[in-house]
Amino acid sequence: MFHTWRALRTFNRGTFIFLLVCALDAFGYFGIQGVLFNLYLLRLGFGSEFIGLLIASGQVTWAIAALPAGMIGRRLGLRTTLIVAFVLAALGMGLVLLVEVLPKPFWTLWLFGCWAVLWIGSALYSVNSPPYVMHVTTDETRNQVFAAQGIVLAFMGFVGSFAAGVLPGLFVTWTGGLLDQLSSYRYALWAAPVAYLLCALLWVGTRPVHVENTAEVVSTASKPMGLFAF
């Protein structure tokens, strides 16, 4: 216990910024967006099949974008890539919430396109944040940082979920109308892109980090292709 507490006290600025980013990201994605986005789509008039396809397309986009994300991080530097990641996430989600200004025939294409932008940003973040942590932590603090990350994600996901349950009702109280109306969910969902934009601003305050080139290690062992396919 003493060792863990001593390690926590030695967290540097980059580590604390990383944990703050995790907190805001969990609040926006696991909390606000995770609870309200499907309800928003339902009130736009879409059915469960469309919603499932849209959500799935984001996961596929994430998987495809993750392949070049590491190369982008190496080329631009980790900090710049992480800033771009959250700018794209904020832009994608913000544009999704502007779908109502378009004629209805364009809604489907708009939603799929903007949703893809969000998940490209997510891929850049998920691929490049672990090497960033590896660069800004020491051998003594690294395990504690990843443990703290798990705690932060779980707690802020809970806080965001609680806020998502409260915000639509508050907006109805402030603006009038009914809870079944679309506007209260749209207003509440804007907390997600705002959280992502704050994450981008936090990354601006970190020092530049570049992934160093390392010598290629040639292995004579056979590749476990069967396991990979499974």
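**Figure 1. The whole chain, helix by helix.** Helices (DSSP runs of H or I, at least four residues) and strands (DSSP runs of E, at least two) are numbered from the N terminus. Read along the sequence, the protein chain goes α-α-α-α-α-α-α-α-α, with a tally of 9 helices and 0 strands. What you're looking at is a predicted model, where local features need pLDDT of at least 70 and side-chain atom pairs count only at pLDDT 80 or more, while totals for chains, interfaces and linings use all residues. Residues are numbered from 1 along each chain as its sequence is written, and side-chain values use heavy atoms, with hydrogens and water left out. Taken along the principal axes, a box of roughly 60 × 45 × 30 Å holds the C-alpha atoms of the protein chain.

**Figure 2. Inside and outside of the chain.** Here's how residues get sorted: buried means under 20% relative accessible area, exposed means over 50%, and partly exposed is in between (1.4 Å probe, protein chains only). Of the 230 residues in the protein chain, 42% count as buried. The chain exposes about 12800 Å², and carbon and sulfur atoms supply 70% of that. (Accessible areas come from the Shrake-Rupley method with a 1.4 Å probe; for residues, only the protein chains shown count as cover.) Now for contacts, meaning heavy atoms within 4.5 Å. Among contacts between residues at least 6 apart in sequence, 84% join residues at least 24 apart.

**Figure 3. A look into the largest pocket.** Rolling a probe the size of a water molecule over the atoms shows where empty space is left. On a 1 Å grid over the protein atoms alone, a cavity is a set of points where a 1.4 Å probe fits but cannot get out, whereas a pocket is an open set with protein on both sides within 12 Å along at least five of seven lines; lining residues have an atom within 4 Å of a point. Grid points are joined across faces, edges and corners, and a volume is the space filled by probe spheres set on the points. The largest pocket holds about 370 Å³ of space. Its lining has 21 residues, and Asp25, Tyr29, Ser122, Tyr125 and Ser126 lie nearest the centre. Helices H2 (13-44), H4 (78-96), H5 (107-136) and H6 (142-175) are the elements that give two or more residues to this lining. The largest share, 9 residues, comes from H5. By type, the lining divides into 15 nonpolar, 5 polar and 1 charged. (Ala, Val, Leu, Ile, Met, Phe, Trp, Tyr, Cys and Pro count as nonpolar; Asp, Glu, Lys and Arg as charged; the others, Gly among them, as polar.)

Figure 4. A disulfide is a covalent bond between the sulfur atoms of two cysteines. With the cut-off used here, a pair of cysteine sulfur atoms within 2.5 Å, the count comes to 0 disulfides. Take Cys199: it is in no disulfide, and the nearest cysteine sulfur, that of Cys22, is 8.4 Å away. Cys199 counts as buried because its relative accessibility is 0%. As for Cys114, the closest cysteine sulfur is the one in Cys199, 20 Å away, so the two are too far apart for a bond. Cys114 is buried too, at 6% relative accessibility.

Figure 5. Phe11 sits in the loop between helix H1 (2-9) and H2. With 9% relative accessibility, Phe11 counts as buried. Setting aside neighbours within four places in sequence, Phe11 is in contact with Phe16, Leu19, Thr141, Gln144 and Val145. Phe11 and Thr141 are 130 residues apart in sequence, yet their C-alpha atoms are 7.1 Å apart in space. Thr15 belongs to helix H2 and is buried, at a relative accessible area of 2%. Leaving out neighbours within four places, Thr15 is in contact with Val136, Thr137 and Val145.

**Figure 6. Gln149 and its contacts.** Look for Gln149 in helix H6. Gln149 counts as buried because its relative accessible area is 17%. Apart from neighbours within four places in sequence, Gln149 is in contact with Phe18, Leu19 and Cys22. Leu201 is 52 residues from Gln149 along the chain, and 19 Å separates their C-alpha atoms.

Figure 7. Ala63 is partly exposed, with a relative accessible area of 47%, while Arg75 counts as exposed at 71% relative accessibility.
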